[in-house]
Amino acid sequence: MKNNLLHRLQGSYLSALPLLFLLSATPAVSSSDWWQDTVFYQIYPRSFMDSDGDGVGDLRGITSRLQHLADAGIGATWMSPIFKSPMVDFGYDIEDYMAIQPEYGSMEDFDALMEEANRLGIRVVLDFVPNHSSDRCEWFRRSAAREPGYEDFYVWHDGKENPDGGQPLVPNNWQSVFYGSAWTFHPGRGQYYLHQFTKEQPDLNFRNPAVVERMKDVMRFWLGKGVAGFRVDAVNHLFEVEDFRDEPVIGTDPDPLSYGFTHHYYTKDLPEVYDMVYQWRSLLDAWTQDHGGPTRIMMTEAYANITFTMKYYRSEDGSRVGSHMPFNFLLITDLNQASTAQDFVFTINKWLTYMPRDQQANWVIGNHDQPRVGSRYGVDRIDAINTLLMTLPGIAVTYYGEEIGMVDYKNVSGVETAGSDVFIDFSRDPERTPFQWNDGKNAGFSSGESTWLPVNPNYVDLNLEKQKQAERSHYKTYQELVKLRKHETFRKGSIQMIPYNEQVVTFVRELPGHPTFVTVLNLGPREQQLDLSIFTRLSAELNVAVASSRSNFRAG
């Protein structure tokens with residue numbers, strides 16, 4: 001019998017060999033919803049493609065490059081915020097939830113993007129930012145002025161009495177994620193307002209039913225424009241305790257203004273958060289039922305422990321469903337370049353162990369807030385990590401540029417870095433540089449004289465056009481992996497993982513009546529000899545299905 005294997009043997013090179021193990025059973029007819037086994041591709045609009053030469057990516061630019069997603073086999077894209085914003089936090093501070101940021105284009109441009117995406121069979125998911133708005137949002141101005149109906153649209157507090165007289169003291173010891181107090185005094189209203197992020201991002205008050213309904217209206221508006229769903233930003237910050245008690249001090253960080261100074265028991269992961277997610281899921285399901293078409297989905301972003309994260313899937317009694325995809329960040333938060341094969345297997349099994357049996361796994365290896373794969377794991381492991389992503393059970397999420405192996409550009413002098421050698425270690429600019437399309441001016445990203453962030457100078461050698469022309473490349477490996485994961489075994493098969501040794505990860509994907517595949521990832525610097533009889537049902541003859549771009553092996 002023939003078997004198929006995925007493995008990496010030669011030094012830092014990855015070889016993917018699918019082990020074809022045919023059983024006598026008749027293949028079962030199975031069906032799945034569109035989102036359950038697709039590849040989602042995150043687009044950071046400012047950095048994807050600039051159509052008008054101003055150095056900033058835009059909607060027309062995205063539309064002109066959607067064919068790239070189709071060519072790579074991508075089934076859906078989620079775009080970071082495109083709504084009208086002062087851009088203090090690059091779109092995560094929204095001034096108008098139902099308008100397009102002017103430098104990105106117009107609503108007509110968005111409609112054209114949707115039309116092209118539909119033509120190519122690509123679903124579009126939007127970034128939904130419910131926790132906070134911009135301080136320039138009309139709602140905040142009305143709330144600050146105590147206009148009827150808006151008085152409690154945001155979280156306001158009188159503060160503590162100042163024994164020295166004058167302006168009251170901050171209400172408690174809560175800190176902003178971005179450093180400093182989470183409270184800012186508003187002289188016009190004479191109260192403090194809460195902001196868990198920058199002071200220009202006041203927190204909306206989700207204990208106010210009017211706020212809940214207004215945000216549901218936002219969702220309905222964009223659903224009416226044809227989007228396939230939403231990625232919900234910072235969802236675990238939605239609620240705070242009503243008595244505003246101090247957070248307990250951890251004792252390891254001496255700086256009281258640092259986010260690490262306290263535990264965040266009273267400002268994150270409150271039970272009310274899950275109820276709100278379940279409400280949004282009901283809205284999405286009702287929309288799908290009433291309007292037909294594909295299932296409208298929800299992806300949720302919450303950096304939380306595994307037990308909290310699993311609650312986003314559904315309620316404990318199973319009576320209410322929530323997020324289709326509570327983002328799985330374990331490959332980002334729990335693993336790095338020093339991680340062993342045992343670490344990889346333990347981390348992957350951790351998610352699969354805690355996940356409800358009737359739910360779908362997802363795997364996120366990068367985003368706009370985290371260093372790129374090549375910078376986090378090492379450039380020699382780019383194909384290895386993409387192979388892992390594409391051969392695990394469930395949904396794969398790719399950050400733009402990872403398909404060609406883009407890396408962080410830490411010499412960038414952008415908005416967040418501001419030329420500071422210290423701050424650049426904490427900046428997110430290095431992983432947000434423009435996409436490298438070709439070796440032309442500005443890597444083909446823009447015809448302008450400058451770009452909002454400098455292009456990584458390695459674009460001359462590392463770009464999509466060059467990789468498409470090469471016999472083997474990161475892009476071609478990625479493309480083949482996306483094709484391979486459409487196989488029924490990857491869509492529905494079981495997984496058994498074994499750390500072969502400290503440097504080699506092995507796992508088998510099996511489905512009765514279908515070919516069997518084995519993935520082998522060598523994380524180390526040297527060639528290794530393997531005995532795959534550890535998987536007892538494999539035959540001796542193996543065929544290579546996909547090999548990494550620098551492997552000695554070839555497919556076939």
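Contact here means heavy atoms within 4.5 Å, and helices (H or I, at least four residues) and strands (E, at least two) are DSSP runs numbered from the N terminus. You are touring a predicted model, in which local features need pLDDT of at least 70 and side-chain atom pairs count only at pLDDT 80 or more, while totals for chains, interfaces and linings use all residues. Residues are numbered from 1 along each chain as its sequence is written, and side-chain values use heavy atoms, with hydrogens and water left out.

**Stop one: α12 and α14**

Select Ile382, Asp383, Asn386, Thr387 and Met390 in α12, then the residues they meet in α14: His474, Thr477, Tyr478, Leu481 and Val482. How do the two helices lie? The axes of α12 (residues 382-391) and α14 (residues 474-484) come within 10 Å and cross at roughly 15°; axes are lines fitted to C-alpha atoms over the stretch in contact, with angles from 0 to 180 degrees between N-to-C directions. The pair is therefore roughly parallel, a label for angles under 35 degrees.

**Stop two: α6 and α7**

Next, show residues 209-224 (α6) and 271-291 (α7), whose axes come within 11 Å and cross at roughly 35°. Colour the contact: Val212, Lys216, Met219, Arg220, Leu223 and Gly224 of α6, with Met276, Gln279, Trp280, Leu283, Leu284 and Trp287 of α7.

**Stop three: around α15 and β16**

Finally, select α15 (488-492) and β16 (494-499); each supplies at least two residues of the lining of the second largest pocket. A pocket is an open set of points on a 1 Å grid over the protein atoms alone, where a 1.4 Å probe fits, with protein on both sides within 12 Å along at least five of seven lines; lining residues have an atom within 4 Å of a point.

Key
Parallel < 35°, antiparallel > 145°, perpendicular 65-115°, else oblique.
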